[in-house]
Amino acid sequence: MNAADEVLATPLQFLKGVGPRRAADFERVGLLTLEDLLTRFPIRYEDRSRLQSIASLKPGQTAAMAGRLLSCGLRSTRRPGFKIFDAVVDDGTSSIRISWLNQAFLRDVFAPGQHVVLFGAVEMRGSGGLQLTNPQYEILDDEDGETIHTGRIVPVYEKTGSVTPKMQRRLVFDALQRLPPDLPDQLPDGVRLRLRLPSRYAALLATHFPPADAPIDALNRFATPAQHRLIFEEAFLFQAGVAARKQALATEHKSIVPHVDDRIRESARRVLPFKLTAGQRSALKEIVDDLQRPQPMNRLLQGDVGAGKTIVALLAALVAMENGLQVAFMAPTEILAEQHFLNISRLLQDSRFRLALLTGSTPAAARRATLAEIQAGSIHLVVGTHALVEGDVGFKELGLVVIDEQHRFGVLQRASLRTKASHPDVLVMTATPIPRTLALTLYGDLDVSVIRDLPPGRTPTKTTAKPESRRDEVYAFVRAQLDAGRQAYVIYPLVEESEKVDLKAATAMFDHLAQDVFPQYRLGLLHGRMKADAKDRVMKAFTSGEIQMLVSTTVVEVGVDVPNASVMIVEHAERFGLSQLHQLRGRVGRDRHQSYCVLLYQAPLSDEGRERLRAMSETTDGFEIAERDLSLRGPGDFFGTRQAGLPTFRSIDLVRDRSVLEEAKQEVDAWLTSGAADSALAVMRANWAQRFGLIEVG
Ligand code: ADP
Ligand code: MG
């Protein structure tokens, strides 16, 4: 390690002013070393280079100022529980009044005599004076170097536990002082020079402490050359790591390479209940070609809900089984695993292959027996939930792993299933169409097949958004559908944080619907807290048509298939994300009947909520929905509350930096083919695995 690397590797705990408690706070957000600290961007910048005198302030301005706190205190208002913290700050030219609404804790933050910096919009008060409401603030101690916190463009960091933005500014400033300007650069020189990117040191410096003439709005858009360079660096390292991983996989060899002959083709034809669509055929061909290669397949099968991915996977499974290999078929929930199991059992009933189901609720004795058979190889295909990846599951000759609805599984789980065999083929299926940038980052190491068409005879679901006040109308419509022999879903949101309350609400809703609104129909209730066999009974009753209306939480979200269901009512549709709504809607419209999706919302809607509901009414194209969702919500929420599999980037914002990611990918590809890359890749790999928290797979 050279000197610079040693400095970069300094544990944060050893920095002056950090100590164990703050180091622990940093660690919670993934910051361990000085380098981590430096690669964590400010969340915004404030121009404090021209602090304005209070006397010169005008209403309507957004201004930074500094002064002494003359007085402050908490005041009650007529609204119970609503308190206002008032303060007066004087800078020698004049004074200004400040109010912070509903932030009673400020009582413990401020004290008269403190030297403070304020940043916010100047308003005219009713009585004529000027005031600031809820400004950004920072308290300066007298020993603080004024050069860091005022008199310049200052970086503002996100608060990290007990570490205030101001402390972090000081830490970053000191850290930059310690770094040698000839900091080794992680980007290949050729790439850096050709793209005219600043050096790493210069970029770090100008990103954290921008020069006086840096344009503040470009800074806040993270679009300065320095910021771009750091974003590009992260994207480049990531893409290089992904490429390295892909290369490593390409050098592996399967123990048995399946082949396909006429006998196997005939066996597939016998299983197939319908004619494949063109999309299914071409996806299947790509998969079967992969199966017949010596290198393990690592493929993502994308297709909108209802596109018919299951049969494609099953045909691939058949090829593996006909070649004497075992197949593991993994689903994200027990309901789905059971449904796959039933479907596949039906399709394979005349074949010689034996199936098993393995979930968390498989009784211990049955589980033991099944495990023994899997180990012995007398079970050819196992369907299961994540219970399949547990340590005690061993296969005789696992050849193919199918992972359905991938986004529910983290990269780690994907990896751990792969370890169940030396180098199995892996087919990942997702019904969440993934925008290109996300696909590049999440699945950059996978080859991709896409089914774009739907099986014949489907009519797009008609979707409308309606305020709750028009509920009666909606119920009347549902009644008509039930009378016509169709079935209906009523979906209730279940937010993880308020699960108990939501469950109660869903149950109450069910009682109300069953007793008051639809007493003459057969209703069922389904939610994730029910025992597996109870869920199973309800699901089966709904599938068989015995239950006409299923009131459910989002457990029906993925994969459930009841073609006769033609209406879905989504309660509190405003609480769902766009992709999730689309997934839910995919439960209907699976048959010849015209299907309907009614999104009931509680007014007033937020702008974003309105956009979401509008997008749902305007299009049924999952890929378009995905793009809109990503733009509306950002990638963090794209996959729901769980961000399974999403790498933790420091400076990259997957929405803002889409083009940078694409550029980095192109640069990495060019760099790899230039021949200059081989020795560097090893370094990249180590760096990548560490930085993005991903383990090596394969
Ligand atoms: P998904 O891609 O969402 O997993 P499924 O595999 O569950 O979709 O298929 C949805 C429904 O469409 C199933 O009932 C399936 O039997 C049916 N299906 C799939 N492919 C075809 C096809 N080519 N022709 C007719 N029906 C099909
Ligand atoms: Mg499916």
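**Why these labels?**

Reader: Why does tyrosine 137 count as partly exposed?

Author: Tyrosine 137 has 28% relative accessibility. Buried means under 20% relative accessible area and exposed over 50%, with partly exposed in between (1.4 Å probe, protein chains only). At 28%, tyrosine 137 therefore counts as partly exposed.

Some ground rules: this is a predicted model, where local features need pLDDT of at least 70 and side-chain atom pairs pLDDT 80 or more, while totals for chains, interfaces and linings use all residues. Residues are numbered from 1 along each chain as written, chains are lettered from A and ligands numbered from 1 in the order written, and side-chain values use heavy atoms, leaving out hydrogens and water.

Reader: And what makes tryptophan 100 buried?

Author: Its relative accessible area is 2%, so tryptophan 100 falls on the buried side of the cut-off.

Reader: How many aromatic pairs does a search of the whole structure find?

Author: It finds 14. In one of them, the rings of tryptophan 100 and tyrosine 137 have centres 5.6 Å apart and planes at 80 degrees. Rings of Phe, Tyr and Trp (its six-membered ring) pair if their centres lie within 6.5 Å; planes under 30 degrees apart are stacked, over 60 edge-to-face, the rest tilted. So this pair is edge-to-face.

Reader: What makes this pair a link between distant parts of the chain?

Author: Tryptophan 100 sits in strand β4 (residues 95-101) and tyrosine 137 in strand β7 (residues 136-140), 37 residues apart. Strands here are DSSP runs of E, at least two residues, and helices runs of H or I, at least four, numbered from the N terminus. Ring pairs also link Phe85, Trp100, Phe110 and Tyr137 into a cluster.

Reader: How do you know that phenylalanine 518 is buried?

Author: Its relative accessible area is 0%, so phenylalanine 518 is under the buried limit. Tyrosine 475, at 5%, counts as buried too.

Reader: How many disulfides does the count come to?

Author: The count is 0, where a disulfide is a pair of cysteine sulfur atoms within 2.5 Å. Cysteine 597 is buried at 1% relative accessible area, while cysteine 72 is partly exposed at 28%.
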